[in-house]
Amino acid sequence: MTNNQIITIERFLLETQPDYARGDLTALLYDLALGAKIIAAQTRRAGLLDILGFADNVNVQGEEQRKLDVFADDVIVRLNDHTGRLCAMVSEEREDWIPIPAKYTKGSYVLVYDPLDGSSNIDTNISIGTIFGIYHAVDEQQRGRLEDCLQPGRDLVAAGYILYGTSTMLVYSAGQGVHGFTLDPAWGEFLLSHEGMRIPETPTYFSFNHAAASHWSEEMKQYIDWLQHLDEPVLTQRYIGSMVADFHRNLIYGGVFGYPSDPRKPDGKIRLLYEAAPLAFIAEQAGGYGSDGSQSLLDMQPTHIHQRVPVFIGNRYLVEKAEAFMSASS
Ligand code: AFP
């Protein structure tokens with residue numbers, strides 16, 4: 001931990017990033033931290049401002065878009081489209097990938113993000129989050145193309161999430177461990193609070209939406225039964241319905257979060273590019289693992305920016321056990 005030192009995210013990034021990453025990548029992460037502060041401030045006021053309720057449009061997933069989703073998406077684009085650090089972006093809220101306007105210098109990174117995951121929880125005051133992943137452009141000479149956006153999680157340069165909970169936390173990894181920062185609302189600074197995060201070897205939770213149980217495959221039901229009957233350790237069940245919050249709790253206490261496929265949702269619900277892959281990257285950096293039930297989420301080549309994928313993520317042995325059960329169905 002921090003030895004009682006007060007370390008801001010800015011100082012941590014400047015001092016811990018390797019030399020090659022101290023330019024654009026560090027600045028990009030710092031801009032995302034600024035975006036987190038702006039979104040957190042608006043989230044905190046959601047009950048006060050006329051910000052609750054639905055925007056007029058429906059997003060590409062066919063879901064009703066909450067106004068706060070639109071706000072968060074807009075903040076991230078406006079913070080990043082003109083900095084000369086990115087050549088493309090992908091947002092859950094936009095049908096197509098986002099090119100950098102021709103009037104701005106283009107950079108060599110690609111930002112993929114879900115601006116506000118778990119947004120159906122906003123009006124009940126439950127934790128929500130932002131998820132992001134950062135890639136290098138496939139070809140830095142080009143101006144940004146779809147293929148720069150469609151990269152497997154294994155090629156992520158950095159990934160992270162912001163949790164808007166009882167406090168606001170930013171958790172990220174640039175491939176050298178996972179580090180967490182808590183926003184001090186009085187100072188407006190993210191302070192290092194969780195250095196070198198690791199999933200505890202002994203898990204505590206499993207997190208699945210059991211409302212779908214009657215639609216699960218036999219193998220899936222057997223896996224849940226196995227989780228429910230573990231003796232050592234005995235696991236307990238927690239499910240928020242806001243993946244960042246579920247993932248974060250299981251990162252701190254150990255466990256497995258899953259959103260499997262079923263006949264109604266053959267590919268599950270979670271999006272590969274800007275939800276599953278970034279969280280799988282964090283999980284691996286913290287000693288855990290993310291899988292679609294048969295392979296690492298990080299090894300999957302996305303074919304579509306909004307592709308969905310079944311997800312099992314958390315302690316490695318719990319996720320590998322899911323793979324073992326699921327392999328019986330193939
Ligand atoms: P929303 O952003 O529409 O609230 O969806 C959030 C989410 O993709 C993910 O954060 C949750 O884990 C999952 O959906 C919950 O879905 P169910 O309500 O079907 O369990």
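Which residues line the largest cavity? The points below take up this cavity, then a second one, a helix and a sheet.

1. Basis. This is a predicted model, in which local features need pLDDT of at least 70, side-chain atom pairs count only at pLDDT 80 or more, and totals for chains, interfaces and linings use all residues. Residues are numbered from 1 along each chain as its sequence is written, and side-chain values use heavy atoms, with hydrogens and water left out.

2. Largest cavity. The lining consists of Leu32, Gly35, Ala36, Ile39, Ile76, Leu111, Tyr113, Thr130, Phe132 and Ile162. A cavity here is a set of points, on a 1 Å grid over the protein atoms alone, where a 1.4 Å probe fits but cannot get out; lining residues have an atom within 4 Å of a point. The space amounts to about 50 Å³. Volume is the space filled by probe spheres set on the points, with grid points joined across faces, edges and corners. Across the whole structure, the search finds two cavities of 30 Å³ or more.

3. Make-up of that lining. α2 (24-44), β5 (109-117) and β6 (128-136) each supply at least two residues. α2 gives the most, with four. Helices (H or I, at least four residues) and strands (E, at least two) are DSSP runs, numbered from the N terminus. By class, eight lining residues are nonpolar, two are polar and none is charged. Ala, Val, Leu, Ile, Met, Phe, Trp, Tyr, Cys and Pro count as nonpolar, Asp, Glu, Lys and Arg as charged, and the others, Gly among them, as polar.

4. Second largest cavity. About 40 Å³ of space lies here. Ile199, Asp246, Phe247, Asn250, Leu251, Gly255, Ile313 and Gly314 line the second largest cavity. Two or more of these residues come from each of α6 (243-253) and β15 (311-314). α6 has the largest share, four residues. The lining divides into four nonpolar, three polar and one charged.

5. Helix α5. In α5 (residues 218-228), the residues Glu219, Met220, Tyr223, Ile224 and Leu227 are buried, meaning under 20% relative accessible area with a 1.4 Å probe, protein chains only. They lie on the same side of α5, because they cover an arc of only 140° around the axis. The arc is that of the directions from the helix axis to the C-beta atoms. An α-helix has 3.6 residues a turn, so residues three or four places apart point the same way. The buried residues of α5 pack against β11 (205-207), β13 (255-259), β15 and α8 (316-327), with contact meaning heavy atoms within 4.5 Å.

6. Sheet. Eight strands form an open sheet in the order β4-β3-β5-β6-β7-β8-β9-β10, with mixed pairing. Two strands pair if DSSP finds at least two bridges between them. β4 (98-99) and β10 are the edge strands, each pairing on one side only.

7. Strands β8 (residues 168-173) and β9 (residues 179-184) run antiparallel and are joined by four bridges. Val171 stands opposite Gly180, and Tyr172 has His179 as its bridge partner. Five residues lie between the strands, and Gly175 in the turn has a positive phi of about 90°.

8. Hairpin β9-β10. Five bridges join β9 to β10 (residues 189-194), again antiparallel. Phe181 has Leu192 as its bridge partner. Four residues separate the strands, and Gly188 in the turn has a positive phi of about 70°.

Key
1 Å grid on protein atoms, 1.4 Å probe; cavity = no way out; pocket = protein on both sides within 12 Å on 5 of 7 lines; lining within 4 Å. Buried < 20%, exposed > 50% of the residue type's maximum accessible area, 1.4 Å probe, protein only.
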